[in-house]
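Me: Hi! I have a protein model open here and would like to walk through it with you. Could we start with the charged side chains?

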Amino acid sequence: MSLLSERIAQGIDRIRQRSVDAVTYRRAGARVTLNATPGSTPVETFTSFDVEVDATWRDWLIVKADLILSGRATVPAVGDRVVQADGTTWEVLPIEGQRCWRPSDANSYQIRVHTKLTSNG
């Protein structure tokens, strides 16, 4: 293993150690349990027909290489779900003007997945 590969592996291990929640990432019938760090991205509420619309949003920081569904590496897709141990469920959705995920570091080892609360555990 080259020095660069070793350093990358060490960095990924440090990211995994900082992760605080074991969650289940689901897409249709496929699922994987992985470590994720809850984060946040400011999301503005908006009004429609004089009714304020508000929702609870949470970002999840995950190691991109850990997102393996049905034996294949993948990236988040709209409609996927993140389920916490207590059953609280978050739906993967884009934030206005963005896609549903983005790299969290320069090399995309860790990604930030945007989700909205759909049910409490």
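Reply: The side chains of Asp 80 and Arg 27 meet in a salt bridge, 2.7 Å from N to O. The term means that a side-chain nitrogen of Lys or Arg is within 4 Å of a carboxyl oxygen of Asp or Glu. This is a predicted model, where local features need pLDDT of at least 70 and side-chain atom pairs count only at pLDDT 80 or more, while totals for chains, interfaces and linings use all residues. Residues are numbered from 1 along each chain as its sequence is written, and side-chain values use heavy atoms, with hydrogens and water left out.

Me: Is Asp 80 buried or exposed?

Reply: Asp 80 is buried, with a relative accessible area of 2%. Arg 27 is partly exposed at 25%. Buried means under 20% relative accessible area, exposed means over 50%, and partly exposed is in between (1.4 Å probe, protein chains only).

Me: How many salt bridges are there?

Reply: The count comes to three. One of them joins Arg 112 and Asp 59, with 3.1 Å from N to O. Arg 112 is in strand β11 and Asp 59 in strand β5, 53 residues apart, and both residues are buried. Glu 91 also forms a salt bridge with Arg 81, and their closest N and O atoms are 3.2 Å apart. That pair connects strand β9, which holds Glu 91, with strand β8, which holds Arg 81.

Me: Okay, new topic. How many aromatic pairs does the whole structure have?

Reply: A search of the whole structure finds one. The ring centres of Trp 60 and Trp 90 are 6.4 Å apart and their planes are at 75°, so the pair is edge-to-face. For the cut-offs, rings of Phe, Tyr and Trp (its six-membered ring) pair if their centres lie within 6.5 Å; planes under 30 degrees apart count as stacked, over 60 as edge-to-face and the rest as tilted.

Me: And where are Trp 60 and Trp 90?

Reply: Trp 60 is in strand β5 (residues 57–63) and Trp 90 in strand β9 (residues 89–92), 30 residues apart. Both are buried.

Me: Which residues touch the most other members of the largest nonpolar core?

Reply: Tyr 25, Leu 34 and Ile 62 do, in a core of 17 residues. Strand β2 gives the most to this core, with four residues. A nonpolar core is a set of buried Ala, Val, Leu, Ile, Met, Phe, Trp, Tyr and Cys residues joined through side-chain atoms within 4.5 Å.

Me: Last one: what about the backbone at Ser 70?

Reply: Ser 70 has a positive phi of about 55° although it is not a glycine. Ser 70 is in the loop between β6 (68–69) and β7 (72–73), and it counts as exposed at 64% relative accessibility. Ser 108 has a positive phi too, about 60°, and lies in the loop between β10 (101–103) and β11 (110–119). Ser 108 is partly exposed, with a relative accessible area of 22%.

Definitions and conventions
Helices (H or I, at least four residues) and strands (E, at least two) are DSSP runs, numbered from the N terminus.
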